[in-house]
Structure formats: C-alpha cells, structure tokens
Amino acid sequence: MSLKNELLQDMKEAMKAKEAGKTALSVIRMVRSAIRNAEIDGGHCELDDAGVGAVIAKEMKQRRESLAEFEKAGRADLVEETKAEMAVLEKYMPKQLTEDEVRQIVTDTIAGQEGLQMGAVMKLVMPKVQGRTDGKVVSKIVREILQHR
C-alpha cells in the first residue's frame with residue numbers, strides 16, 4: 001500500500017475514533033494538505049512514496065524546531081501537543097539512519113575523490129539519505145570526515 005493510501009486509511013480510522021483520534025486526524029489532514037500543496041507546486045504531478053516521505057520529513061523537522069522553541073519558552077501545553085503530533089508523524093517516517101550508517105555512506109561517496117569541498121560532498125550525499133536523517137547530522141559528519149582527510 002502506498003504511503004498516500006495508508007494516510008487516507010488512517011484518516012478514516014481516526015474519524016471513526018472520534019475524540020480518541022483527534023490529534024491523529026488533525027495531523028493526517030495537515031500532512032495530506034501539505035502533500036497536495038507540494039503536488040500543485042510541482043505542476044500537478046502526483047508524488048510517489050519518496051516525495052510523500054520528503055513532505056512528512058519536512059513536517060517532522062518543523063515540529064522538532066517548534067518543540068525546541070516551546071521548551072525554551074516554558075510552554076508545557078504546547079510541548080505535549082507537539083510531542084503527540086510527532087508521535088503520529090513518526091509512524092509514516094522511513095527508518096532513520098544511525099550516525100554510523102551516515103558516516104559509512106559519506107565515506108563510500110567520497111572514496112577515491114580528492115579536493116572535494118563541503119558543498120560538493122553534501123550535494124552527493126543528501127539524495128542518498130533524504131528523509132532518513134537530519135541534514136544537520138549529515139553536515140556534522142561530512143565536516144568531521146573532511147577535516148580528518
């Protein structure tokens with residue numbers, strides 16, 4: 001089943017669950033709307049699972065950033081709400097890579113190439129890890145590896 005169909009099925013289940021599925025319903029509707037907007041921005045091309053995954057990863061990243069801000073501001077109510085939303089999104093995220101796996105991908109990508117700069121390495125690595133890890137983690141690892149070459 002495609003990710004879009006899975007979202008649709010889960011949305012229907014959340015609607016049937018009424019109060020118990022309120023957060024899930026809200027988050028799924030928001031994700032489906034973001035997917036629709038991405039399709040419209042892309043010239044009405046239907047997104048595949050990778051594209052849908054990228055949209056979900058973007059939504060998760062926004063929540064992570066919001067969570068940090070809410071914690072800094074001491075807004076416990078918003079922290080709990082954001083964590084609940086992240087738990088719903090987590091279900092649709094692809095398996096996340098560990099730092100060791102990212103390090104291996106970066107090492108394999110730049111093996112045998114000399115004189116690569118940070119930006120060039122990031123352009124080569126990011127398509128391979130898109131949606132499966134945070135860009136900040138990749139950036140940190142690339143910087144470490146390039147400094148030790």
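**Exercise 1. Packing of H3 against H4**

Task: For helices H3 and H4 of this predicted model, determine how the two axes are related and which residues make the contact.

Solution. Begin with the geometry: the axes of H3 and helix H4, the latter covering residues 76–90, come within 9 Å and cross at roughly 160°. Angles over 145 degrees count as roughly antiparallel, and H3 and H4 are therefore roughly antiparallel to each other. The handedness comes next, and the crossing of H3 and H4 is left-handed. On the H3 side the contact is made by Ile56, Glu59, Met60, Arg63, Arg64, Leu67, Phe70 and Glu71, while H4 brings Leu78, Val79, Thr82, Lys83, Glu85, Met86, Leu89 and Glu90. Sorted by class, the residues of this contact of H3 with H4 divide into eight nonpolar, one polar and seven charged.

**Exercise 2. Packing of H5 against H6**

Task: Describe the crossing of H5 and H6, and state the class make-up of the contact between them.

Solution. The axes of helix H5 (residues 99–110) and helix H6 (residues 118–129) come within 10 Å, with a crossing angle of roughly 130°. From H5 the contact takes Ile105, Val106, Thr109 and Ile110, and from H6 it takes Val121, Leu124, Val125, Lys128 and Val129. In this contact of H5 with H6, seven residues are nonpolar, one is polar and one is charged.

**Exercise 3. Packing of H5 against H7**

Task: Carry out the analysis for H5 and H7, beginning with the angle and the distance between their axes.

Solution. H5 and helix H7, which spans residues 135–147, pack at an angle of about 55°, and their axes lie 10 Å apart. H5 and H7 are therefore oblique to each other, and the crossing of these two helices is right-handed. The residues that H5 places in the contact are Glu99, Val102, Arg103, Val106, Thr107 and Ile110, whereas those of H7 are Val137, Val138, Lys140, Ile141, Val142, Glu144, Ile145 and Leu146. By class, the contact of H5 with H7 holds nine nonpolar, one polar and four charged residues.

**Exercise 4. The largest pocket**

Task: Which helix gives the most to the lining of the largest pocket, and which residues are closest to its centre?

Solution. Start from the volume: about 220 Å³ of space lies in the largest pocket. Of the 14 residues that line this pocket, Ala57, Lys61, Gln130, Thr133 and Asp134 are the closest to its centre. The most is given by helix H3 (residues 49–73), which supplies five residues to the lining. By class, the lining of the largest pocket divides into four nonpolar, five polar and five charged residues.

**Exercise 5. The overall architecture**

Task: How many helices and strands does the protein have, and what are the spans of its C-alpha trace?

Solution. The protein has seven helices and zero strands, and from the N terminus on its elements run α-α-α-α-α-α-α. Along the principal axes, the C-alpha trace of the protein spans about 60 × 40 × 25 Å.

Key
Residues numbered from 1 in each chain as written. Predicted model: local features only at pLDDT ≥ 70, side-chain atom pairs only at ≥ 80, totals over all residues. Heavy atoms only, no water. Axes fitted to C-alpha atoms, helices over the stretch in contact; angles between N-to-C directions. Helix = DSSP H or I, 4+ residues; strand = E, 2+ residues; numbered from the N terminus. Contact = heavy atoms within 4.5 Å. Nonpolar A, V, L, I, M, F, W, Y, C, P; charged D, E, K, R; others polar. 1 Å grid on protein atoms, 1.4 Å probe; cavity = no way out; pocket = protein on both sides within 12 Å on 5 of 7 lines; lining within 4 Å. Points joined across faces, edges and corners; volume = space filled by probe spheres on them. Parallel < 35°, antiparallel > 145°, perpendicular 65-115°, else oblique. Left-handed = near helix turned anticlockwise from the far one by under 90°.
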